[in-house]
Amino acid sequence: MENKVLEVLVNAGKPLRPGDIAKELGVDSKEVSKAIAELKKEGKVMSPKRCYYAPAE
């Protein structure tokens, strides 16, 4: 799931909300939020503004 979320963020080219990512992947937003939390811990995702996420540079 984390890889899919990261892929969507990279391809989007702009910060996205978890709901947008969930819609794109066709999954529940809770799953996406869990994946984002894990990716943040690993330093692969950052939050440029509240509730929006983008790949870390």
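User: At what angle do the axes of α1 and α3 cross, and within what distance do they come?

Analyst: The axes of α1 and α3 cross at roughly 85 degrees and come within 9 Å, where axes are lines fitted to C-alpha atoms, for helices over the stretch in contact, and angles run from 0 to 180 degrees between N-to-C directions. That makes α1 roughly perpendicular to α3, the class for 65 to 115 degrees, with angles under 35 counted as roughly parallel, over 145 as roughly antiparallel and the rest as oblique. Helices (H or I, at least four residues) and strands (E, at least two) are DSSP runs, numbered from the N terminus. This is a predicted model, in which local features need pLDDT of at least 70, side-chain atom pairs count only at pLDDT 80 or more, and totals for chains, interfaces and linings use all residues. Residues are numbered from 1 along each chain as its sequence is written, and side-chain values use heavy atoms, with hydrogens and water left out.

User: Which residues make the contact between α1 and α3?

Analyst: Contact means heavy atoms within 4.5 Å. On the α1 side the contact is made by Glu2, Val5 and Leu6, and on the α3 side by Val32, Ala35, Ile36, Glu38 and Leu39.

User: How do α1 and α2 pack, and through which residues?

Analyst: Their axes lie 10 Å apart at an angle of about 105 degrees, which makes α1 roughly perpendicular to α2. Lys4, Val5, Val8 and Leu9 of α1 meet Ile21, Glu24 and Leu25 of α2.

User: Which residues touch the most other members of the largest nonpolar core?

Analyst: In soluble globular proteins, nonpolar side chains tend to be buried together. A nonpolar core is a set of buried Ala, Val, Leu, Ile, Met, Phe, Trp, Tyr and Cys residues joined through side-chain atoms within 4.5 Å. Here the largest has 13 residues, of which Val5, Leu9, Ile21, Val32, Ile36 and Val45 touch the most other members. At least two residues of this core come from each of α1 (2–12), α2 (18–25) and α3 (29–42). Leaving aside neighbours within four places in sequence, Val32 is in contact with Val5, Pro18, Ile21, Ala22 and Val27.

User: What is the phi of Cys51, and where does this residue lie?

Analyst: Most residues other than glycine have a negative phi. Cys51, although not a glycine, has a positive phi of about 70 degrees, and it lies in the loop between β1 (45–46) and β2 (54–55). Cys51 counts as partly exposed, at 41% relative accessibility.

Conventions. Buried < 20%, exposed > 50% of the residue type's maximum accessible area, 1.4 Å probe, protein only.
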